[in-house]
Amino acid sequence: MKTQIRHLSNLLRLAALLVAAATCGGAAAQTSGAKAAPPPSRILLAINEGGAANADATETLFKYQEFGELVERTLRVQVVLVAVRDRDKLKNSLKKQEYPLLLARPNDVPAEAIRDFGYRPIAMAKEPSQTLFIVAKDSPLKSIADVRGRTIVTPDAYSNMWRVANAMLRDAHIVMANEKVKAMRDQAAIGWSMENKFFDVGVINSISGVGRTWEKNGGRVIARSRELPNMPFIASPAISDEQIAKLRSAVIALDSSDSGKTILKKIGINTGFQAGSSQAFLDFLAWIGDLEAAKNATQP
């Protein structure tokens with residue numbers, strides 16, 4: 001009888017050990033699984049059009065829907081478009097790397113993300129942009145040197161084009177902060193104000209509707225900036241080198257098919273994409289200079 005009890009006790013002890021081993025194995029498997037981060041279920045693609053367009057968020061998302069679908073097919077992950085119009089909000093989000101991907105019209109915030117926040121260029125439009133100083137056909141102004149003391153209308157204060165215009169005036173020994181400057185968000189409004197001669201000089205983007213038609217409609221351009229990176233498409237450190245390479249190939253190939261050309265036309269890129277260069281953005285920032293210094297500039 002004692003032998004039977006001892007045998008039963010040993011069986012129960014063995015069973016307990018097997019259960020404990022199974023439990024520990026399961027816990028170890030869970031720990032191992034926790035260490036391996038699962039692939040993202042979705043990627044946020046931020047769109048920033050700056051002041052070049054006056055569309056609400058819904059219109060912007062519709063405009064870029066097919067581009068987002070291209071990114072989705074390329075990366076094989078759900079892509080969620082986010083329309084971001086406020087530049088300060090965009091910059092803060094990029095600083096936190098909240099947007100893995102950004103496609104933007106203004107250059108300065110994406111350039112700063114490349115310089116300061118670890119982002120890398122995927123591509124940019126083949127057609128460069130320029131900031132233009134425009135005047136009416138019968139204006140007496142002939143060059144940027146004649147702008148001093150005149151009324152000027154620019155895009156939003158401290159925006160990308162404001163900073164370029166400031167650099168152009170600085171190079172001409174004119175301090176923007178001491179001039180009679182009015183800011184407007186929409187470039188169409190700037191064009192209308194100039195047509196109606198509310199200001200002596202207007203500042204617009206060469207790739208905007210006003211910029212493309214101003215001279216055709218009889219107006220004059222008295223100064224052009226250097227050629228600038230246009231429509232940067234950038235990626236955060238969350239996007240791998242392999243993914244960047246796939247995206248770059250996909251967007252560069254858009255102008256080689258009718259369906260791709262339709263996407264380009266819809267988002268306002270006439271000449272297609274080319275590979276982006278970090279140095280181009282760093283050179284751009286070096287030229288336009290520090291924003292805080294521009295804000296606080298005084299006449300020498």
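**View A. The residue just after helix 3.** Arg 76, which directly follows helix 3, takes a positive phi of about 55°. Helices here are DSSP runs of H or I with at least four residues, strands are runs of E with at least two, and both are numbered from the N terminus. This is a predicted model, in which local features need pLDDT of at least 70 and side-chain atom pairs count only at pLDDT 80 or more, while totals for chains, interfaces and linings use all residues. Residues are numbered from 1 along each chain as its sequence is written, and side-chain values use heavy atoms, leaving out hydrogens and water.

**View C. Aromatic pairs.** Four aromatic pairs turn up in a search of the whole structure. Rings of Phe, Tyr and Trp (its six-membered ring) pair if their centres lie within 6.5 Å; planes under 30 degrees apart are stacked, over 60 edge-to-face, and the rest tilted. Phe 67 and Phe 273 have ring centres 6.2 Å apart and planes at 40°, so this pair is tilted. It joins helix 3 to strand 11 (residues 273-275), with the two residues 206 residues apart. Phe 67 and Phe 273 are both buried.

Terms used
Buried means under 20% relative accessible area, exposed over 50%, partly exposed in between (1.4 Å probe, protein chains only).
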